[in-house]
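The sequence and structure come first.

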Amino acid sequence: MSSPAQAPSGDQRSQIERRTIAKISWRLLPLVIVSYFVAYINRTNVGIAALTMNRDLGLSASVFGWGAGIFFFGYFLLSWGLVSAATAFAAGPTSFVVLRFLLGAAEAGFFPGIILYFTYWYPASYRARVIALFYMAAPLANAVSAAVSGVILKLDGLMGIAGWKWIFIVEAIPAIVLAFAVLGWMTDRPAAAAWLAGDEKQWLEEKLAAERAAIAKKGRLSLWRALTDSRTLVLVVIYFTLTVSSYGIVFFLPQIVKQFGFTNTKTSLLTALPYVVGTLGMVLLGYSSDRRKERRWHLIGAALAAAGGLLCVGLFSNPYWAMAGMALATVGLWGSRPVFWPLPSAFLLGSSAAGAIGLINGVGNLGGAAGPYVVGLIRDATGSFTGALYFLAGSSLLAAAITFIFVRFDNVVPEDRIDFLKTK
């Protein structure tokens, strides 16, 4: 009769953990990051295209802001490659707005689906850094898109096609190709991962099960309760205010830089620089948050950095000081994401987590419609972006204030446990 298998020692479990997380990360993250990178380029390349597109289509700043932001109404309502390419055929304000709406609808499920997907593969103590690595695709995409789109814009007149149209056509091709790669490479759950060894699957499933049990012990919420829970609603408001600031600046930054008198090519290069700095800051914030098992102050600090940076962009007339302010703002705006998105899974499970994440992302991203539209309105009304930048700084400051007032943490246990004031 054989003796029962001996449980692995602490050192052995630590080795299994490192090996498992490394395998998962090398298998899943590269494709996920590249996919979001391409998605974000298709979402925001309209900012560089606007340098010549607005004139050709007769778009005022407010109409451009509305068209750029209406993406998020489609996103809220739940192929994007084909739709992005179709934007090249916009013939005026109406077709531009409709195509941006459809692009949002096409991309709607990707981001919240990935955030939920990470909860199936990564224990809570890894999620901020993993989301940081995933989300670094956003500022990098802004940087690459700004630089590459500036070059593509020079194709103006090739085959009788305007340069801004070439931007949408060329940059849509990777998204179409990646659709097939995702279907063939991504694994749904750890149980179906033939590329994980038996002890690796066991460690991961036991770890995730223990975390789910700890959350369920505090009370498992139904889908409806999760959607109406005050904690979920607070997260919706925080994410909305951050998104107002993020997309209010993303879509208009090339035009803000252009006002300093630079050429289109130099404008695109200068626009790219703050996002490179923002990428580094975002990854560092994610690692710091995981290492310290702390979210609240990291989120407050990121929101304050965003507010301070945007305020500097509005205050300084020197373009290089303004770009320094934008770099600080980018660190805050994108650095807030990896410390924000572990929060829903700290008190929600299963379908309730999926529904709440979808609600937070969907409604919160309507800030991506409000931000650019208000910026455009202020620009048309005042002839300057200064007031709009103060508005965006105020939105980030509001996010910090709401987090400070309503969110607190219990750091006694190693898991991410979150409570909100006035919820009991």
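Start with Arg127. Leaving aside neighbours within four places in sequence, its contacts (heavy atoms within 4.5 Å) are Phe118, Thr119, Tyr122, Leu208, Glu211, Asp290, Pro342 and Ser345. This is a predicted model, in which local features need pLDDT of at least 70 and side-chain atom pairs count only at pLDDT 80 or more, while totals for chains, interfaces and linings use all residues. Residues are numbered from 1 along each chain as its sequence is written, and side-chain values use heavy atoms, with hydrogens and water left out.

- Arg127 belongs to helix α8, residues 127-135. Helices here are DSSP runs of H or I with at least four residues, and strands are runs of E with at least two, numbered from the N terminus.
- Arg127 is buried, at a relative accessible area of 9%. Buried means under 20% relative accessible area, exposed means over 50%, and partly exposed lies in between (1.4 Å probe, protein chains only).
- Glu211 and Arg127 join their side chains in a salt bridge, at 3.6 Å from N to O. The term requires a side-chain nitrogen of Lys or Arg within 4 Å of a carboxyl oxygen of Asp or Glu.
- Glu211 sits in helix α11 (residues 198-217) and Arg127 in helix α8, so this pair ties together parts 84 residues apart in sequence.
- Glu211 and Arg127 are both buried.

**Other salt bridges**

- The side chains of Arg129 and Asp290 also form a salt bridge, at 2.9 Å from N to O.
- Arg129 is in helix α8 and Asp290 in helix α15 (residues 264-292), so the pair ties together parts 161 residues apart in sequence.
- Asp290 is buried, with a relative accessible area of 3%. Asp290 is also one of the contacts of Arg127.
- Asp229 and Arg231 make a salt bridge, their closest N and O atoms being 2.9 Å apart. Both residues are buried.
- Arg19, Lys23, Asp199 and Glu200 form one network, joined by salt bridges that share partners.
- The structure has seven salt bridges.

**Gly364**

- Gly364 is part of helix α18, residues 350-364.
- Its relative accessible area is 0%, so Gly364 is buried.
- Beyond neighbours within four places in sequence, Gly364 contacts Val236, Tyr239, Phe240, Thr243 and Leu359.
- Gly364 and Ile238 are 126 residues apart in sequence, yet their C-alpha atoms are 7.8 Å apart in space.
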